[in-house]
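Hi everyone, thanks for coming along.

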Amino acid sequence: MRRLDALWLSGAVVLTALTAVPTNAQAIETTYPTKDFSMEVGATWTSGQVIFYNRSVRVQGEVHATESSLSGCRYTKATVLGITKQSAIACNETKPFQLDFPADVLGGAAYADVSFWDYRGDRPDLELRSQRIAR
């Protein structure tokens, strides 16, 4: 009888070791909704991704401006849950940006509004294009 108990016990240990216990790599690996955006006006553009986390949103990408644009300067603006932020202004260059927003609501933010702007200095800036990016 002892031999059967020992065999059963060793089988239980093996079975326990083989059950689905996530490794650190599995536990860390989480996929969040990521949506691409892209807007062009002539030779200028902005493009990137909106990443919808559980309680925040990240809008990241690049903005590109050339001398052929109205002012030679462009920027990207984003609004999430009534909070608006903008990228650095790119003048005759390409600049990366990352805008982080809190979204501490049940289910996270449903969408982000992303827009492409012409910077005009002493005159009001001009919105060139906009997109609503849904989760």
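I'll talk about a disulfide, then some paired strands, and then a few contacts that involve aromatic rings. Please keep in mind that this is a predicted model.

Let's begin with the cysteines. How many disulfides does the count come to? It comes to 1. This disulfide joins Cys 73 to Cys 91, with an S to S distance of 2.0 Å. Cys 73 belongs to strand E4, residues 73–80, and Cys 91 to strand E6, residues 90–91, so the pair links distant parts of the chain, 18 residues apart. The torsion about the S-S bond is about 115 degrees, and therefore the disulfide is right-handed. Is each end buried or partly exposed? Cys 73 has a relative accessibility of 10% and counts as buried, while Cys 91, at 31%, is partly exposed.

Now stay with strand E4 and look across to strand E8, residues 111–118. E4 and E8 pair in the antiparallel sense over 6 bridges. E8 also pairs with strand E9, residues 126–134, again antiparallel, over 8 bridges.

On to the rings. Searching the whole structure turns up 2 aromatic pairs. One of them is Tyr 32 with Tyr 53: the ring centres are 4.8 Å apart and the planes are at 70 degrees, so we call the pair edge-to-face. Tyr 32 is in the loop between helix H2 and strand E1, and Tyr 53 is in the loop between strands E2 and E3, so the pair ties together parts that are 21 residues apart in sequence. Tyr 32 is partly exposed, at 30%, and Tyr 53 is partly exposed too, at 23%.

Another pair brings us back to E4 and E8. The rings of Tyr 75 and Trp 117 have centres 6.1 Å apart and planes at 10 degrees, so they are stacked. Tyr 75 lies in E4 and Trp 117 in E8, so parts 42 residues apart in sequence are tied together. These two residues are also bridge partners. Tyr 75 is buried at 2%, and Trp 117 is buried at 14%.

Finally, two charges over rings. The charged end of Lys 85 sits over the ring of Phe 101, 5.2 Å from its centre. Likewise, the charged end of Arg 132 sits over the ring of Tyr 111, at 3.8 Å from the centre.

Conventions: Residues are numbered from 1 along each chain as its sequence is written. This is a predicted model: local features need pLDDT of at least 70, side-chain atom pairs count only at pLDDT 80 or more; totals for chains, interfaces and linings use all residues. Side-chain values use heavy atoms; hydrogens and water are left out. A disulfide is a pair of cysteine sulfur atoms within 2.5 Å. Helices (H or I, at least four residues) and strands (E, at least two) are DSSP runs, numbered from the N terminus. Buried means under 20% relative accessible area, exposed over 50%, partly exposed in between (1.4 Å probe, protein chains only). Two strands pair if DSSP finds at least two bridges between them. Rings of Phe, Tyr and Trp (its six-membered ring) pair if their centres lie within 6.5 Å; planes under 30 degrees apart count as stacked, over 60 as edge-to-face and the rest as tilted. A charge sits over a ring if NZ of Lys or CZ of Arg is within 6 Å of the ring centre and within 35 degrees of the ring normal.
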